[in-house]
Amino acid sequence: MKFIIAIIKPFKLDEVREALAGVGVAGMTVTEVKGFGRQKGQTEIYRGAEYSTNMLPKVKLEIAASDDLAPQVVETIQQTASTESIGDGKVFVIDLAEATRIRTGETGDTAL
C-alpha cells in the first residue's frame, strides 16, 4: 500500500477529485494549507497598500492506495493539477505499513 500526499492549487481541487474518482479512488482527505516553495510567495494589495506574503494558499490531498493503483493516482494528479506554471505543487509517495477500517476491523488493502 502507498500513502500519497499531493499539494495542489485550490482551484484545481474539483477537477483532480473528479479525475481520481474516474480511476477508482474511493476516498481522500482534503485540507486547506498554506506554504511556499520556489514560487517564494506573492505581492498583494490590501486597502491600497502593497504587501508581500510568503505563504500561498494550497490544498493538501491525502490518499491511501493499493500498490497497483498508486502509479495511476500519481499520474492522474500530475496531469490534472498541472497548469504548466510555477507553484503547481508536489506529489509525495510513502510506503504505508498498515491500514485498519475502524467499523469492520478489516486490514490491509481490504480496509481501503
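Let's start with helix α1, where E18, A21 and G22 are exposed on one side. Exposed means over 50% relative accessible area, buried means under 20%, and partly exposed lies in between, using a 1.4 Å probe and protein chains only. Helices are DSSP runs of H or I with at least four residues, strands are runs of E with at least two, and both are numbered from the N terminus.

A quick word on the model: it is predicted, so local features need pLDDT of at least 70 and side-chain atom pairs count only at pLDDT 80 or more, while totals for chains, interfaces and linings use all residues. Residues are numbered from 1 along each chain as its sequence is written, and side-chain values use heavy atoms, leaving out hydrogens and water.

Now, which residues of α1 are buried? In this helix, residues 13-23, they are L13, V16 and L20. They sit on the same side of α1, because they cover an arc of only 70° around the axis, taking directions from the helix axis to the C-beta atoms. An α-helix has 3.6 residues a turn, so residues three or four places apart point the same way. Their cover includes β1 (2-8), β2 (29-35), β5 (56-65) and α2; contact here means heavy atoms within 4.5 Å. After α1 comes G24, with a positive phi near 110°.

Let's move to D88, in the loop between α2 (70-81) and β6 (89-95). D88 counts as buried because its relative accessibility is 15%. Leaving aside neighbours within four places in sequence, D88 is in contact with I7, I8, K9, A81, S82 and T83. The D88 side chain also reaches the backbone nitrogen of S85 at 3.5 Å.

Methods:
Polar contact = N/O pair within 3.5 Å; in protein donor to acceptor, adjacent residues only side chain to side chain.
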